[in-house]
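Visitor: Could you walk me through this structure, one question at a time?
Guide: Gladly! Here it comes.

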Amino acid sequence: MLTPVSVTLQELNLITLAPMLIAVIGGLMIITIDLIKDNLHKSFYVMMTLLILFIDFGATLGLTLNDRGFFDVLFVDGIAIISQFLILVASMLFIPLALTSKRFHEFSYPEFFALFLFMIAGFQFMVATDNLILIFVGLETASLALYVLIAMHNRSNSYEAAVKYFTMGALAAGFFAMGSALIYATTGSIELYAVQEILGNRLDETGLMIAILGGSVLLLIAFAFKLSLFPFHTWAPDVYEGASAPLAGYMSIVPKVAAFVVALRIFGMYIELGIEPVRIIVLVLAVFTMTLANIMALVQEDVKRMLAYSSISHAGFVMAALALGTTKGNASIFLYYALFMFTNLGAFAMLWISRHKKRAYHQRFDHPYEKFAGLIKIMPMGAVVMALFMLSLAGVPPFSVFWGKLYVMSSAVDAGYVWLAILMGLNSAIAAYYYLKLIVYMFLKEPTGNVNVVYYNLSRPLMVMIGIAVLATVASVFFAQPLLSYITYMVSASGF
Amino acid sequence: MDNILSILIFFPAIAGLLGFIVHKQSARAYGISVAAIEFLLSLWLWISFDSTNGAMQFVELIPIIPDFGINYYVGVDGISLFLVVLTTLMTLIGIVSMSIKSEVKNMVVTLLFLEMTMVGVFVALDVIVFYLFWELSLVPMLYIIGAWGGPLRVYASIKFFLYTFAGSLIMLVGILFMAYEYHSEMQVWSFALTDWYQMGWFGLDKQLWLFGAFFIGFAIKVPMFPFHTWLPYAHGQAPTIGSVILAAVLLKMGTYGFVRFSLPLFPDASVMMIMPIAILSLIMIIYTAMVAYAQEDIKQVIAYSSISHMGIIMLGIFAMNSHGISGAIFQMIAHGIVSGALFMLVGMIYDRRHTKLMSEFGGLASVMPKFALIFGVMLMASVGLPLTIGFVGEFLVLLGFYKISPIITILAGTSIIVGAVYMLSLYKKTFFGPITNDANKSLKDLDSRETWSLIPLVIIVAWLGIYPKPVLGPIDTSVSAMLEFMEEKASMQNTKDMILTTQQAKEGN
């Protein structure tokens with residue numbers, strides 16, 4: 001006779017669920033408000049979203065380290081907490097970018113903001129669990145919302161981008177499901193901590209290795225799609241180009257941070273178990289990603305596409321840190337993204353500011369290099385800020401990305417991969433060329449003239465957001481220490 | 001004022017930031033005033049410097065990222081003191097003599113930022129802080145060459161940036177590996193150079209690899225022979241002020257790096273690499289001197305002669321005795337002043353005629369006597385005529401390297417002859433004979449601004465050529481301290497034998 005399961009509220013430990021719940025309820029609230037009173041201005045929704053994100057942030061602050069909840073499905077370890085912070089901060093930087101001086105279609109719909117909050121809840125689910133099914137649910141929630149957000153930009157190439165991303169995402173979801181199934185078949189569990197235990201005991205069994213490797217390769221393909229690693233990166237530049245500039249910047253950070261957390265849980269597990277082929281595959285993918293994306297970025301004619309390829313290259317850089325399997329390497333992933341976030345979002349925001357409704361400079365591209373020619377003479381401040389972001393991305397000290405690069409390279413050297421550190425150095429040198437190319441256009445060329453203003457969309461909120469990004473980029477040397485010690489503490493506390 | 005070094009570093013930077021507000025018309029005066037204050041501050045540093053002490057002075061230490069061992073750590077010794085003074089002097093004189101008409105304000109602000117990074121490189125004692133200023137110095141120079149340069153300026157500036165950037169990233173890997181070695185031995189992270197000096201030695205092969213990593217970073221900057229191709233482009237396209245700073249100070253960063261990092265950190269590897277580096281230096285000295293002779297452009301002649309002189313400096317550094325190294329450091333100062341002055345002179349004639357080709361000139365001595373006189377003095381100093389500043393360094397270097405290899409020393413000594421050949425033929429083609437080109441007949445001689453920016457340099461050339469002791473003394477004290485330390489630290493007997501401290505040199509004589 002089956003006994004009814006009795007669960008007390010205490011056991012559920014709902015506090016672990018609070019951050020996601022706040023985002024979901026906030027999203028529903030925005031839709032409800034729209035039911036009651038329509039035609040509210042976008043600034044209302046932006047501020048509502050911002051406030052909900054603040055509460056979400058507060059709830060994340062209140063989480064206790066290494067806590068489990070909701071039938072032990074949710075797992076709040078150090079990397080879950082840091083990544084939720086990163087996701088929330090990036091979202092808070094992103095959402096005010098909707099307040100442009102010109103009207104853009106998507107931001108007048110409350111659905112945009114509701115979907116945005118659902119997406120954040122999805123990402124939060126994804127990072128705060130070690131259950132493969134919940135990871136899948138979180139990933140799909142977030143991705144589906146993101147597809148719609150891209151398509152809402154209401155241009156033909158936005159639809160193209162959304163459909164492209166959707167089909168690629170569906171394929172990745174398939175790979176993820178098959179990989180999880182294979183893990184379940186070999187271990188009988190979908191909880192990663194249990195999987196690790198069982199695999200650890202059964203590693204010597206003959207024939208099992210093929211199944212383990214098969215599962216890991218399928219999962220790796222799924223995440224290579226999500227992290228846009230070579231050779232599964234081809235969708236990324238088109239999708240970034242089709243999406244609005246701030247959303248493209250957002251996509252180069254938040255989904256990747258979430259995917260890196262999961263990758264760290266899954267592949268970190270394989271690497272810790274001593275399954276060397278997985279490490280080698282990850283390393284090879286990482287090296288190819290950073291090198292080839294860099295070379296592709298060299299020949300781009302559009303700044304946004306260049307930044308898309310550069311984001312791919314940065315992801316490869318960080319992926320290499322994951323393969324090291326050391327605490328320092330894992331901590332450097334988060335340090336890198338925490339510092340990269342401000343610079344990259346800032347750079348995309350600068351493109352957003354210069355976005356015209358119609359393509360005024362080039363038939364094919366929104367942001368060809370020529371558009372920025374002689375910017376120093378037209379908009380000196382804008383040119384200096386953009387140059388700052390480019391130098392930071394190139395890894396020139398003392399700007400923020402340099403500290404991330406330094407730490408990633410240092411962890412590679414510590415783990416005995418000096419060749420990897422040298423490759424990273426050479427890649428940074430290649431990357432410097434295309435970042436410099438934009439600086440050369442802005443500072444050393446004459447303006448092309450005829451088209452009136454480059455800074456078309458500038459508004460006060462955008463200036464504030466860019467100001468924050470500049471401040472974080474320039475003053476990174478002062479907060480690198482607390483950031484580093486906090487991240488290292490959190491990562492080592494959760495055993496990575 | 002114990003924190004004078006921080007003031008020296010950050011004063012130009014803050015002045016640069018404030019310079020954005022200064023009105024365009026006053027920008028030049030502002031630049032001159034700031035550079036003059038900075039120069040006076042550096043003189044104050046020299047006066048309060050204790051020249052009997054070979055160790056680091058005016059040390060400051062503020063933690064930046066203590067978890068990773070990165071501190072704001074600066075200090076100055078006899079080796080870096082004069083490079084700091086040279087930096088502030090050449091920046092001041094560069095701004096005074098600057099003939100740029102367009103966007104003077106941007107140029108002044110850029111120069112002030114550049115000054116910060118240059119001073120920072122010479123006084124940094126934390127390797128990451130050093131690296132920070134080292135990389136940062138590329139950005140203003142990129143802008144100076146790219147914005148005010150000749151027709152190929154964009155190509156030249158990008159080549160300059162990428163070449164140096166790539167080299168220093170390899171050096172960064174070396175730095176990180178060194179820090180890792182330090183961490184595995186001491187269990188704490190530290191990037192402080194003085195901590196690294198104290199570190200016991202690990203295997204020779206690691207030392208050689210690390211030497212190689214640092215070598216690539218520094219050699220590109222110097223520039224050593226196979227890596228020198230960026231320099232003629234940079235000089236050829238840069239505006240006068242850019243060439244002056246580049247030749248006088250930026251190149252010295254590379255040779256300074258060898259003295260500050262390569263020798264004391266890797267004594268065994270350095271001694272092992274004496275011969276390969278001596279041969280590269282020799283190629284630099286003789287080959288580029290010959291290339292200089294083949295040039296038709298006055299500026300290119302001086303650019304190639306710069307490379308040739310940097311070869312002499314490299315040779316002196318790897319002489320591993322106090323004559324050689326002190327001579328090399330003195331030669332850095334001498335070359336800074338002389339090549340800076342020569343580039344300024346070329347700039348002055350270029351402003352008048354908008355050409356730098358020797359074939360366009362001839363007989364200038366009769367229309368521009370002052371110009372010809374000062375050019376002649378600087379040329380003699382560049383060739384290394386006794387009683388000029390160029391002689392002291394070159395002589396000491398050759399004297400020092402004689403103990404290593406007489407043959408190489410003799411070959412390197414021919415550089416003085418080849419140098420005299422190309423320099424005098426340049427002088428002959430440009431200044432002597434009848435005026436063949438009518439455009440030269442109406443040339444004006446130097447005006448008072450140009451004259452007064454050159455006279456201090458002429459005075460220094462003569463003063464330090466006759467009485468080099470005030471500069472050579474502190475340099476020698478610090479170099480002797482460094483050599484003793486290197487000998488103590490070296491792990492192989494062979495190395496100890498090669499490194500001659502001052503004490504032994506005296507006994508030997």
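Visitor: Which helix is Ile285(B) found in?
Guide: This is a predicted model, so everything here is computed from it. In chain B, residues 274–294 form a helix. Ile285(B) is found in that one, helix H13.

Visitor: Is Ile285(B) buried or exposed?
Guide: A residue counts as buried when 20 or more other C-beta atoms lie within 10 Å of its own. Ile285(B) has 28 other C-beta atoms within 10 Å, so Ile285(B) is buried.

Visitor: Which residues is Ile285(B) in contact with, leaving aside its neighbours within four places in sequence?
Guide: Contact here asks for C-beta atoms within 7 Å. With the neighbours within four places set aside, the partners of Ile285(B) are Ser308(B), Gly311(B), Ile312(B), Ala412(B) and Ser415(B).

Visitor: What distance separates the C-alpha atoms of Ile285(B) and Leu315(B)?
Guide: Along the chain, Ile285(B) and Leu315(B) are 30 residues apart.

Visitor: How are H15(B) and H18(B) oriented to each other, roughly parallel or roughly antiparallel?
Guide: The axes of helix H15 (residues 322–353) and helix H18 (residues 389–402) of chain B come within 7 Å and cross at roughly 155°. Angles over 145 degrees count as roughly antiparallel. H15(B) and H18(B) are therefore roughly antiparallel.

Visitor: Is the crossing of H15(B) and H18(B) left-handed or right-handed?
Guide: Among the residues of H15(B) that meet H18(B) are Phe330(B) and Ile337(B), and H18(B) brings residues including Leu396(B) and Val397(B). The residues of this contact divide into eleven nonpolar, eight polar and one charged. As for the handedness with which H15(B) passes H18(B), the crossing is left-handed.

Visitor: Which residues is Ala349(A) in contact with, leaving aside its neighbours within four places in sequence?
Guide: Beyond its sequence neighbours within four places, its contacts are Leu97(A), Pro246(A), Gly249(A), Leu462(A), Met465(A), Ile466(A) and Ala469(A).

Visitor: Which element gives the largest share of the side of chain A that touches chain B?
Guide: Between the chains, 27 residues of chain A are in contact with 27 residues of chain B. Elements giving two or more residues to the chain A side are H18, H19 and H21 of chain A. The largest share, 13 residues, comes from H19(A).

Conventions. Residues numbered from 1 in each chain as written. Chains lettered and ligands numbered in written order. Predicted model: local features only at pLDDT ≥ 70, side-chain atom pairs only at ≥ 80, totals over all residues. Contact = placed C-beta atoms within 7 Å. Helix = DSSP H or I, 4+ residues; strand = E, 2+ residues; numbered from the N terminus. Axes fitted to C-alpha atoms, helices over the stretch in contact; angles between N-to-C directions. Parallel < 35°, antiparallel > 145°, perpendicular 65-115°, else oblique. Left-handed = near helix turned anticlockwise from the far one by under 90°. Nonpolar A, V, L, I, M, F, W, Y, C, P; charged D, E, K, R; others polar. Buried ≥ 20, exposed ≤ 12 C-beta atoms within 10 Å, placed from the backbone.
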